[in-house]
Amino acid sequence: MSSPKFERVKRSNPRIAELLERLGTYIQNQIQSGQTYVVPKLAAAALGLNDGEAFVLLEILAAGGLLQRIYNLYCGNTGIVLATVDDPEQLDEIPHCDDCDEDHRLSGLKVEVAFAPNDALFTKAA
Amino acid sequence: MANPGNSREEIRARIKPVLDNVAVDGLRAWLKSIALPSAAYSRAAITDLVSNQIAGKQLAEDALAEALIGFEEASDMRIYLFRMEDLPSGKPERWLPTRLVKAGFALADSRIFAGEKAKPMSPVYARLEGGLLRVKWAEQQQRSKMNERGDGVVLTPVFKRVVLIADFMDGIAELRLNPAERIHAYEDAGGRMTAEAYYQAYFDKAADLLGCRLAPVDLRSVVRALVEEENPRVARIHIDDHTNQSNYKTKTTGPRADVRDSPDWQLAYTKSGNTWAWDAQSFYWLPKVSSGFLTREVFTHINAEEGFIKVNADCSDKEVTHVISQIRTREAK
């Protein structure tokens with residue numbers, strides 16, 4: 001499993017290259033199994049890290065152009081995903097919540113940071 | 001507590017206003033933990049019982065005051081655990097007193113009741129002993145609810161207590177806060193009065209007082225450890241709430257049992273439990289494996305997503321201190 005971008009990121013972070021390799025394999029498996037984005041807490045659970053460590057590793061891959069940071073908006077009452085946006089500006093354009101049948105205010109929602117693939121390495125066909 | 005009269009009636013009149021603020025279940029559990037009779041199931045009955053015990057010299061009034069301060073500092077709390085990073089160098093006895101005085105505290109020899117302090121972040125006391133700092137703030141917030149006719153809002157003043165316990169030996173700070181009411185003095189960046197703004201204001205206050213960064217302790221690893229712990233089980237799992245690798249959230253609630261005894265839960269856990277992200281779990285800590293610290297099952301809700309532990313309104317300081325110490329020993333360092 002490799003791509004020029006991924007190799008560059010590992011070379012720039014030699015002390016955590018092995019961890020990045022494990023994370024890369026995890027992301028690839030997640031995408032292969034139909035997930036469209038990677039959630040830090042799930043990556044942490046699968047790799048035996050804490051949320052903060054997983055987030056930092058995912059940010060490193062995002063900084064290297066392999067992933068893109070996105071935001072999942074959840075209904076605060078039901079926990080259902082209402083929208084996924086890639087720009088914080090779009091957080092103000094919240095769609096109608098069908099389960100509650102109302103337009104929630106931003107304070108009534110939960111925002112989760114996730115990471116979507118941004119490189120051929122992490123696509124279904126890779 | 002002052003001791004002006006020793007008849008049963010005088011004692012009763014003196015302690016009743018204070019006991020009225022403490023849950024009956026909690027008082028009963030506390031009496032049981034100090035090996036005193038506790039068979040009273042209403043507020044009036046337990047007030048009589050405690051008055052009799054003081055009048056009969058079975059219970060010292062000072063011990064009661066100490067216990068009630070403990071209830072004030074442990075009941076109905078959201079508890080946040082932090083690792084203290086980049087603390088000022090040297091022993092806290094050297095650098096901390098100046099910071100405490102600047103923050104409006106006078107160093108005290110003993111804990112005291114908060115009283116009816118209304119201003120936001122009113123200092124109550126600070127106590128530094130053996131590498132352990134204990135600080136209490138108090139304030140008044142407003143509870144709002146609709147009136148009986150449904151055409152107006154009734155505001156009720158509610159006193160809030162916030163307690164910071166900093167363990168300099170282990171580098172851990174514990175911040176206990178009564179949950180926020182609707183109306184208080186804290187606003188977010190958008191000018192809205194939110195509960196998060198209230199919690200954040202105290203996180204900032206605590207970090208400022210300690211002169212360090214406060215890094216939240218990861219509670220998911222604590223939940224994982226508690227779920228895995230089987231022989232013996234230290235807690236009964238009442239609600240399991242996790243997210244699987246496909247990002248499906250699953251919530252399992254048990255009756256008076258443990259969700260780990262559910263065959264369906266066991267099947268799923270055996271197959272993929274090692275990759276679940278533990279989100280929010282409710283536990284009843286079991287007395288039989290508490291080395292005598294608990295005399296009843298004690299409820300805690302661990303919200304690993306938001307990073308806090310919630311304890312009920314009838315908990316004594318001894319119970320909460322035991323539970324937090326159990327959580328701390330299971331934290332992945």
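These notebook entries record what I looked up in a predicted model with chains A and B.

**Entry 1. Chain A as a whole**

I began with the make-up of chain A, which has four helices and three strands. Reading from the N terminus, I noted the order α-α-α-α-β-β-β. I then looked up the extent of the C-alpha trace of chain A, which spans about 50 × 30 × 25 Å along its principal axes. Chain A holds 126 residues, and buried residues make up 26% of them. I also looked up the contacts in chain A with a separation of 6 or more: residues 24 or more positions apart account for 53% of these.

**Entry 2. The strands β1 and β2 of chain A**

I turned next to strand β1 of chain A, residues 67-75, and its pairing with β2(A). The two strands run in the antiparallel sense, and I recorded four bridges for the pair. Within this pairing I looked for the position opposite A:Y71, and found A:V85 in β2(A). The hairpin of β1(A) and β2(A) has five residues between the strands. In this hairpin I noted A:G79, whose phi is positive, near 80°.

**Entry 3. Positive phi at A:D101**

I looked up A:D101, a residue other than glycine with a positive phi, near 55°. I placed A:D101 in the loop that lies between β2 (81-85) and β3 (109-117) of chain A. Is A:D101 buried or exposed? I recorded A:D101 as exposed, because it has 7 C-beta neighbours inside 10 Å and the limit for an exposed residue is 12 or fewer.

**Entry 4. The contact of chain A with chain B**

I asked how many residues of each chain take part in the contact between chains A and B. I found 11 residues of chain A in contact with 14 residues of chain B. On the side of chain A, helix α3 (residues 40-47) gives the largest share, with five residues. By class, I listed five nonpolar, four polar and two charged residues on the side of chain A that touches chain B.

**Entry 5. The domains of chain B**

I looked up the division of chain B and noted domain 1 (8-72), domain 2 (77-216) and domain 3 (220-329).

**Entry 6. Two backbone details in chain B**

I looked up B:D76, which is not a glycine and yet has a positive phi of about 50°. B:D76 lies in the loop between α4 (61-72) and β1 of chain B. I recorded B:D76 as partly exposed, because it has 19 C-beta neighbours inside 10 Å, whereas a buried residue needs 20 or more.

Where in chain B does B:P232 lie? I found B:P232 in the loop between α7 (220-228) and β7 (235-243) of chain B. The peptide bond that joins B:N231 and B:P232 is cis, and I noted an omega of about 0°.

Note on methods:
Residues are numbered from 1 along each chain as its sequence is written. Chains are lettered from A and ligands numbered from 1 in the order in which they are written. This is a predicted model: local features need pLDDT of at least 70, side-chain atom pairs count only at pLDDT 80 or more; totals for chains, interfaces and linings use all residues. Two residues are in contact if their C-beta atoms, placed from the backbone, lie within 7 Å. Ala, Val, Leu, Ile, Met, Phe, Trp, Tyr, Cys and Pro count as nonpolar, Asp, Glu, Lys and Arg as charged, and the others, Gly among them, as polar. Domain bounds come from an automatic or database domain assignment. Two strands pair if DSSP finds at least two bridges between them.
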